[in-house]
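Please look over the structure shown here and work through its core, its strands and its charged pairs, one question at a time.

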Amino acid sequence: CPGYVKAGLGEYPTKYGLLTTQGEVVTGVKFDKVELWGDNMLRVAIAGNGYRYGVYNLNGEELVPVKYSSIGELYNGVAVVSVPGTYIGDNYYGVIDSAGNVIVECKYHGLEFLSAGLLKAKQNNAWGVIDLNGNEVLPMEYYSIGKFVDGLAVVATARDAYTPDKYGYMNDKGELLIPCEYEIVNLSGILLLTYL
């Protein structure tokens, strides 16, 4: 970021902070990780039983408390975050805005942006789609949900050991346009549908 430098202090583990190019201390040299987040904010982390992440502005003010297991990239002013669950490696995901306001509560086992207003969400080993108000757009009953290509995403029904995969397509509003009744191959923009 022009006008600022990341500075480290001490032997391993080195602590980092942000200084102005005139040598003024912005954040204090107290973090285990410091990186640019968005255009004018910092994602910081403190180590200890894994990392805990937070966000500071370039004036050194804490915007998001250093309490999250992860803070994803900023996407249209919001980001996916996680908090630790009951077991090691078990995290719950939600969404915050750049000011740290909770947009979607951290209650999902997986959360990824599909578009500006839709996220695929995982609960109990099945995926569904929610909006940024936390409303369920597509129920949590799919084995997988793909990325959008030309306004469509492949979805597959939740499977078990005795049921073959069945595929369909949803649109960018989360509506199931083609039911999960097919084996689907996308070849050169042509959908080849075959009944299972």
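The questions and answers below concern a predicted model.

Q: Which element gives the most residues to the largest nonpolar core?
A: The largest nonpolar core has 12 residues, including Leu-114, Trp-127, Tyr-142, Val-155 and Cys-180. The elements that give two or more residues to this core are β13 (126–131), β14 (136–145) and β15 (152–157). With three residues, the element that gives the most is β14.

Q: Which are the edge strands of the open sheet of four strands?
A: This open sheet has the order β7-β8-β9-β10, and its pairing is antiparallel. Within it, three bridges join β9 (residues 91–97) to β10, and Tyr-93 stands opposite Tyr-108 in β10. The strands that pair on one side only, and are therefore the edges, are β7 (70–71) and β10 (102–108).

Q: How many bridges join strand β4 to β5?
A: Strand β5 (residues 51–57) is mostly covered, with five of its seven residues buried. Strand β4 (residues 41–47) runs antiparallel to β5, and Met-41 stands opposite Asn-57 in β5. In the hairpin of these two strands, which has three residues between them, Gly-48 takes a positive phi near 145°. The number of bridges joining β4 to β5 is seven.

Q: Which residue takes a positive phi in the hairpin of β5 and β6?
A: Three bridges join β5 to β6 (residues 62–68), and the two strands run antiparallel. Glu-62 in β6 is the bridge partner of Tyr-56. The hairpin has four residues between the strands, and the residue with a positive phi, near 85°, is Gly-60.

Q: How far from Asp-90 is the nearest side chain of opposite charge?
A: Asp-90 lies in the loop between β8 (78–84) and β9, where, not counting residues up to four places away in sequence, it touches Val-83, Pro-84, Gly-85 and His-109. Asp-90 is buried yet has no salt bridge. The nearest side chain of opposite charge belongs to Lys-122, and its distance is 9.7 Å.

Q: How many residues apart in sequence are the parts that Lys-15 and Asp-32 tie together?
A: Lys-15 forms a salt bridge with Asp-32, the closest N and O atoms being 3.0 Å apart. Lys-15 lies in strand β2 (residues 15–20) and Asp-32 in the loop between β2 and β3 (33–37), so the pair ties together parts whose separation in sequence is 17 residues.

Q: What is the relative accessible area of Lys-147?
A: The side chains of Glu-112 and Lys-147 meet in a salt bridge of 3.9 Å, N to O. Glu-112 is partly exposed, with a relative accessible area of 32%. Lys-147, in contrast, is exposed, and its relative accessible area is 58%.

Note on methods. Residues are numbered from 1 along each chain as its sequence is written. This is a predicted model: local features need pLDDT of at least 70, side-chain atom pairs count only at pLDDT 80 or more; totals for chains, interfaces and linings use all residues. Side-chain values use heavy atoms; hydrogens and water are left out. A nonpolar core is a set of buried Ala, Val, Leu, Ile, Met, Phe, Trp, Tyr and Cys residues joined through side-chain atoms within 4.5 Å. Buried means under 20% relative accessible area, exposed over 50%, partly exposed in between (1.4 Å probe, protein chains only). Lys and Arg count as positive and Asp and Glu as negative; His and the chain ends are not counted. A salt bridge is a side-chain nitrogen of Lys or Arg within 4 Å of a carboxyl oxygen of Asp or Glu. Contact means heavy atoms within 4.5 Å.
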